[in-house]
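Welcome! Below is a short tour for anyone meeting this structure for the first time. Take a look at the sequence and the fold, then read on.

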Amino acid sequence: MKGTIVVVQAPEYDKYNNQGKFVAHGFECAFTMSWKKDPVYTMKDYFTFCADNGAYIEDDVECELIADVRSESRTIGIERYTYKKKADLAYKTSGWPIFYFNLFNDVYTSNSSIDYYNYRVSARARIFSNNNFLIRMCYAHKQLVGGDLKPTISISTTGTSISFSGTSHREYQSPNF
């Protein structure tokens, strides 16, 4: 995670006691996660993060799925490039976003092929808090079964907790940081 301090301001109070200025300190956070091996299944995946102790985020949160691509065809030859796609917002739980996306599927025809590899997720958010706080990221990957996952986020006095329930899935969480 990378962080920089930002300041948010509104107008100052005037002589009639109308609110005019509010200053809060926050962190511009970048969250990244990458696969160590290519995934076996490319079904629905979820990615989220949250913080505890009264921390909150702005609504302009972004998340995208990124993969390197090797494309080969008889007419063009071999091309390599990076492909990015914005993740969709599935839910917001306790004010924190839960994004979902489908990993890209390799494509093979008699004349060409497209292979995706080096998958990664990148998200950005501005987090504000008047206290110290812990952040945790979580990723869940659905396996080959029917049904759907139901993500939830809960924040307790012991720190952040993210859980997914529903049909068969694997879940990976970062430690608190």
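A residue counts as buried when its relative accessible area is under 20%, as exposed when over 50%, and as partly exposed in between, using a 1.4 Å probe and protein chains only. By that rule, buried residues make up 37% of the 177 residues in the protein. This is a predicted model, in which local features need pLDDT of at least 70 and side-chain atom pairs count only at pLDDT 80 or more, while totals for chains, interfaces and linings use all residues. Residues are numbered from 1 along each chain as its sequence is written, and side-chain values use heavy atoms, with hydrogens and water left out.

**Overall fold**

- The protein has 14 strands and 0 helices, where strands (E, at least two residues) and helices (H or I, at least four) are DSSP runs numbered from the N terminus.
- Contacts are heavy atoms within 4.5 Å; among those between residues at least 6 apart in sequence, 70% join residues at least 24 apart.

**The nonpolar core**

- A nonpolar core is a set of buried Ala, Val, Leu, Ile, Met, Phe, Trp, Tyr and Cys residues joined through side-chain atoms within 4.5 Å.
- The largest one holds 31 residues, and F31, W35, F47, F49, F101 and I127 touch the most other members.
- Two or more residues each come from β2 (24–34), β3 (44–51), β5 (62–73), β8 (96–102), β10 (112–128) and β11 (135–142).
- Of these, β10 gives the largest share, 6 residues.
- In soluble globular proteins, nonpolar side chains tend to be buried together.

**Strand β3 and what follows**

- Strand β3 is mostly covered, with 7 of its 8 residues buried.
- Strands pair if DSSP finds at least two bridges between them; β3 and β8 run antiparallel and are joined by 5 bridges.
- Leaving aside residues up to four places away in sequence, F47 touches a set of residues including F31, I98, F101, V121 and M137.
- D52 sits in the loop between β3 and β4 (56–57).
- D52 is buried but has no salt bridge, and the nearest side chain of opposite charge, R136, is 9.2 Å away.
- A salt bridge would need a side-chain nitrogen of Lys or Arg within 4 Å of a carboxyl oxygen of Asp or Glu.
- A polar atom of the D52 side chain does lie 2.7 Å from the backbone nitrogen of L134.

- E28 belongs to strand β2.

Notes. Lys and Arg count as positive and Asp and Glu as negative; His and the chain ends are not counted. A polar contact is a pair of N or O atoms within 3.5 Å; within protein, one must be able to donate a hydrogen and the other to accept it, and residues adjacent in sequence count only if both atoms are side-chain atoms.
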